[in-house]
Amino acid sequence: MNTWTMHNALRGLLLIACAGVGSTVQAHSPFCDCKQINPTQIRCSGGFSDGGDAAGVTLDVIGYDENILLHGQLGSDSSLTFDKPAGEFYVLFDAGPGAVVEVDHLDIGQ
Amino acid sequence: MNPSAINPVPAPSKLNRWWLKWRFHLNILLLLIPLGFMPRYFADVALFRGDSGLGEREVGDVQVGPWTLKLAEFRNEAPQLDGPAGYMKHFSAALCERCINEVKATYLRIGKPRSLRAAGSLFEGTPHRMIAEVPIPKRATADAELWITLEGWDGSMHQASVPLTQASPATVAWLEQRGAKR
């Protein structure tokens with residue numbers, strides 16, 4: 001057996017090995033992360049698990065009584081900074097029906 | 001005149017000798033390896049086509065207002081990490097024949113929804129076999145409930161809940177383990 005045949009055999013093995021690395025299903029789940037950046041302000045950043053940005057996505061700050069305290073949109077950096085409301089509230093990242101993320105004020109860390 | 005005296009054939013290398021000796025067996029091995037994955041492959045094909053049912057573990061029929069929904073765990077396993085979106089769990093569902101034309105949207109989430117807008121993940125697919133990816137809240141506990149929200153074309157909204165212990169024991173076990181790690 002010459003070197004050329006052996007190289008072909010190795011190429012064949014490599015091809016079979018590559019065929020085993022199939023494409024994986026990429027999910028497109030939304031996420032939203034909120035942090036208190038100073039005593040009076042909160043910054044929320046959003047996006048999608050496939051790496052997509054969330055510029056222009058609606059982000060509402062809603063009181064526990066369902067009153068909308070702030071109706072905003074994420075900026076070009078997929079984030080929004082707003083004044084921390086008084087009382088109990090939650091942040092709703094709303095990228096459309098079924099693509100929402102709720103962040104309770106109790107889950108907002110420093 | 002002897003040609004080998006002019007152009008002598010080099011002796012095969014050690015690797016070459018090894019290849020010549022074992023190439024037949026290696027090729028047989030390459031044919032046999034995929035056979036080991038065949039049962040899993042056919043099980044997955046049956047699951048994705050729906051031949052093996054709604055999912056790996058059927059939860060049962062759930063009455064949601066005037067409508068009925070058959071719910072199942074797509075895979076009988078713990079939630080899977082989906083990058084920055086956190087841990088997710090897939091459920092599948094089928095609407096009853098009578099309600100197919102009456103239900104506009106089916107939502108699913110862990111914990112009671114505050115409003116229709118925050119009703120959770122939307123089931124996608126045909127009414128006979130829909131799939132939803134439900135995020136696991138960071139503060140979810142083993143006694144949490146899975147809430148189903150059905151929105152009708154007539155504007156009505158109906159809700160029902162299933163204890164997570166009934167809907168997904170694998171998720172409950174995972175939550176208990178995660179809780180212990182905190």
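1. A:Leu92 is found in strand β6 of chain A, where strands are DSSP runs of E of at least two residues and helices are runs of H or I of at least four, numbered from the N terminus. The model is predicted: local features need pLDDT of at least 70 and side-chain atom pairs count only at pLDDT 80 or more, while totals for chains, interfaces and linings use all residues. Residues are numbered from 1 along each chain as its sequence is written, and chains are lettered from A and ligands numbered from 1 in the order in which they are written.

2. Is A:Leu92 buried or exposed? A:Leu92 is buried because 20 other C-beta atoms lie within 10 Å; a residue is buried at 20 or more other C-beta atoms within 10 Å of its own, exposed at 12 or fewer and partly exposed in between, with C-beta atoms placed from the backbone. Not counting residues up to four places away in sequence, A:Leu92 touches A:Asp60, A:Ile62, A:Val100 and A:Glu102, together with B:Arg117 and B:Ala118 of the other chain. Contact here requires C-beta atoms, placed from the backbone, to lie within 7 Å. Between A:Leu92 and A:Gly63, 29 residues apart along the chain, the C-alpha separation is 11 Å.

3. Across the interface, 17 residues of chain A are in contact with 22 residues of chain B. On the side of chain A that touches chain B, two or more residues each come from α1 (3-19), β1 (30-38), β6 (89-94) and β7 of chain A. The residues of that side comprise 9 nonpolar, 4 polar and 4 charged; Ala, Val, Leu, Ile, Met, Phe, Trp, Tyr, Cys and Pro count as nonpolar, Asp, Glu, Lys and Arg as charged, and the others, Gly among them, as polar.

4. Chain A contains 1 helix and 7 strands, in the order α-β-β-β-β-β-β-β along the sequence. Of its 110 residues, 24% count as buried. Among contacts in chain A between residues at least 6 apart in sequence, 47% join residues at least 24 apart.

5. A:Gly109 lies in the segment after β7 (100-104) of chain A. A:Gly109 is exposed, because 8 other C-beta atoms lie within 10 Å. Leaving aside neighbours within four places in sequence, A:Gly109 is in contact with A:Lys35 and A:Gln36.

6. In the largest nonpolar core, which has 51 residues, A:Val91, A:Phe93 and B:Leu108 touch the most other members. Such a core is a set of buried Ala, Val, Leu, Ile, Met, Phe, Trp, Tyr and Cys residues joined through C-beta atoms within 7 Å. The contacts of B:Leu108, leaving aside neighbours within four places in sequence, include B:Phe91, B:Phe123, B:Val134 and B:Ile148.

7. B:Phe123 is found in the loop between β6 (121-122) and β7 (124-126) of chain B. With 25 other C-beta atoms within 10 Å, B:Phe123 is buried. Among the residues that B:Phe123 touches are B:Ala93, B:Thr106 and B:Met130. The C-alpha atoms of B:Phe123 and B:Arg17, 106 residues apart along the chain, are separated by 59 Å.

8. Chain B is divided into domain 1 (12-52) and domain 2 (57-181), with bounds from an automatic or database domain assignment. The C-alpha centres of these domains of chain B lie 39 Å apart.

9. Helix α2 (residues 14-49) of chain B has 36 residues and reaches 50 Å from its first C-alpha to its last, close to the expected 52 Å, the expected span being 1.5 Å times one less than the number of residues. A kink of about 55 degrees in α2(B) is centred on B:Trp22; the bend is the angle between axes fitted to the seven residues ending at a residue and the seven starting there. The count of buried residues in α2(B) is 0. B:Gly50, with a positive phi near 90 degrees, follows α2(B).

How values were computed. Contact = placed C-beta atoms within 7 Å.
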